Amino acid sequence: RIGQDLVRHATCYESGDLIRPAGASFPPLWGRVREGGSNDNAMTLPSTTTPTPNPSPQGGGEYSGFAPRLAALYAAFFIVAGIQMPFFPVWLQAKGLDPGTIGLVLAMPMLLRMLAIPLVTRQADRRDALRAAIILTGCLSVAGYALVGLADGATAILLAYALASFAFTPIMPLAETYAFKGLSARGRAYGPVRLWGSATFILGTFAAGYAADVIPARHLIWLIVAASALTALT
C-alpha cells in the first residue's frame, strides 16, 4: 500500500516525457514536456519549478507527544516481561504444580504465538487498525492474567494462561510495526524510544525480587496483572 501511495503521488520524467501516475488528475492533453514549448499537445513548465516539501511533522501538536507515549508503552510492556520471566515459575510452584506441568505451562506462549501473531497481525493489517489492535490485546491480556490469578488447579491454570498468552504475545509485534511507521513518519529515531523497554525490564525484575521477600509467592501473579493493566493503560 505504501508503494502504491508513492506511485500515485509521484510524477516521473523520463527522456522528457511526462508519465501520468495511476489515479492522478491531470489535463487531458499529453505530450512532450518542454520549457516554453509551443506545441498545443505539450505542457509548459517553468524552468525554476521545485517541489514544495511537506511540512515536517516533528514539531508541536500530536507529533511531539508520540515518541514519549510510545516509550511509555515499551516501558510498561517490558515491566510485565521483567516480572513474569523469573517469577511466574515461582508462582506456579507455590500453586502446587509439579516441574513437568510447570514446563508445559511455560511453553504455552511459544506454542500459541505461532497462531496468535499471524492471526492478529493479519486482521490488524487488513483493517488498518494497528493502534486499536494494541489496545484490544492489551485489555484482553489484563483479563487473561486476572483469570490466571483466580484459577486453581493445573488444568484451570493452563487454560487461563493459554488465553492470556494468546492476547499478550501479539502486543510486541504490533507495537514494533506501529513504532516503525509512526517514528519514520515523524523523523524520529527508534533506538532512544526502545531503550526504555530494556531499562524497565531490569527495573521490573529487581522490583519483583524485592516484593517476593515481602508478599507470599502465591500472590506474585497480581504483580503481573498490575503491570499488564499499566500496559493497557499506556
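Colleague: Leaving aside its neighbours within four places in sequence, which residues is Leu-70 in contact with?
Modeller: Bear in mind that this is a predicted model, where local features need pLDDT of at least 70, side-chain atom pairs count only at pLDDT 80 or more, and totals for chains, interfaces and linings use all residues. Numbering runs from 1 along each chain as its sequence is written, and side-chain values use heavy atoms, with hydrogens and water left out. With contact taken as heavy atoms within 4.5 Å, and those neighbours set aside, the partners of Leu-70 are Tyr-178, Ala-179, Leu-183 and Val-193.

Colleague: How many residues does the largest nonpolar core have?
Modeller: Such a core is a set of buried (under 20% relative accessible area, 1.4 Å probe, protein chains only) Ala, Val, Leu, Ile, Met, Phe, Trp, Tyr and Cys residues joined through side-chain atoms within 4.5 Å. Leu-70, Phe-88, Trp-91, Leu-92 and Val-148 have the most contacts inside the largest one. Its residue count is 48.

Colleague: And which helix gives the most to this core?
Modeller: Helices here are DSSP runs (H or I, at least four residues), numbered from the N terminus. The elements that give two or more residues to the core include helix 4 (99-126), helix 5 (130-150) and helix 8 (191-212). The one that gives the most, with 16 residues, is helix 3.

Colleague: On to the rings: what kind of pair do Phe-66 and Tyr-178 form?
Modeller: The whole structure has nine aromatic pairs, counting Phe, Tyr and Trp (six-membered) rings with centres within 6.5 Å. Planes under 30 degrees apart are stacked, over 60 edge-to-face, and the rest tilted. Phe-66 sits in helix 3 and Tyr-178 in helix 7, 112 residues apart. Their ring centres are 5.6 Å apart with planes at 55 degrees, so the pair is tilted.

Colleague: What about Tyr-145 and Phe-168, what kind of pair are they?
Modeller: Both residues are buried. Tyr-145 lies in helix 5 and Phe-168 in helix 6, so the pair ties together parts 23 residues apart in sequence. The centres are 5.8 Å apart and the planes are at 70 degrees, so the pair is edge-to-face.

Note on methods: Buried means under 20% relative accessible area, exposed over 50%, partly exposed in between (1.4 Å probe, protein chains only).
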